[in-house]
Amino acid sequence: MEPGDFRKAMRHCAGAVALVTVGREDGRRTGLTATAVCSLSDDPPSLLVCVNRNASAHPRIREERCFGVSFLGEEHVPLALTFSGQKGIEGDDRFGFGSWTTGVTRAPVLQDAIASFDCDLRQEFETSTHSVFIGEVRYVGIRCEAQPLLYLRGAFHGVQAMRDVMSLGDIKARKLSWSSFS
């Protein structure tokens, strides 16, 4: 399997965009943009986060044993680009954008995120290039009225833009075609 073919195929799988952040002290914070974040369990509440071992946040998560996850809304594209490294801004300077607070662990979380999670690091598994961090959630924040930011085909998209492409007639036609399978 060629890595390029795999990356090309994965670009067709939409993912929610999140910031994974770490650093209890100003001047020592860092983070990254990620789509490899998902819920793991509600007992105990926990998240699975995949972080490249070359990312600046990777050793800091291990060191501090906690991290924040902030799922972004459509209006957060500049933050997603900043934390992905595409704006040339590194480390703590990335936190000069957006409104930040801290959770129970004192990890940074975005105040106006769609959903934010403050996690204690409970387990870690290594793969060839990434670590899979399991975080037990200590705090959540929710902003229900926001529209999520998605990453698809190498670009950021809002859900509303995707909905606008589909008309009501399309939905009725799909329901009719799927009803023949039931």
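## Strands side by side

How many bridges join strand β9 to β10? Eleven bridges do so, and these two strands run antiparallel. As you explore, keep in mind that this is a predicted model.

Strand β9 covers residues 115-126, while strand β10 covers residues 130-142. Together, β9 and β10 form a hairpin, with three residues between them. To find your way around the pairing, look for C119, which stands opposite V137 in β10.

## Another partner for β10

Strand β10 is also joined to strand β5, which spans residues 45-52. Seven bridges connect β5 and β10, and the two run antiparallel. A handy place to look here is N52, which stands opposite H130 in β10.

## Where aromatic rings meet

Now let's turn to the rings. Searching the whole structure turns up five aromatic pairs. One of them is formed by F83 and F95, whose ring centres are 5.2 Å apart. The planes of F83 and F95 have 90 degrees between them, and the pair is edge-to-face.

Where do F83 and F95 lie? F83 belongs to helix α3 (residues 77-83), and F95 sits in the loop between α3 and β7 (100-102), so their pair ties together parts that are twelve residues apart in sequence.

## A cluster of rings

Are F83 and F95 buried or exposed? Both F83 and F95 are buried. W100 joins the picture too: ring pairs link F83, F95 and W100 into a cluster.

Methods: Residues are numbered from 1 along each chain as its sequence is written. This is a predicted model: local features need pLDDT of at least 70, side-chain atom pairs count only at pLDDT 80 or more; totals for chains, interfaces and linings use all residues. Side-chain values use heavy atoms; hydrogens and water are left out. Rings of Phe, Tyr and Trp (its six-membered ring) pair if their centres lie within 6.5 Å; planes under 30 degrees apart count as stacked, over 60 as edge-to-face and the rest as tilted. Helices (H or I, at least four residues) and strands (E, at least two) are DSSP runs, numbered from the N terminus. Buried means under 20% relative accessible area, exposed over 50%, partly exposed in between (1.4 Å probe, protein chains only). Two strands pair if DSSP finds at least two bridges between them.
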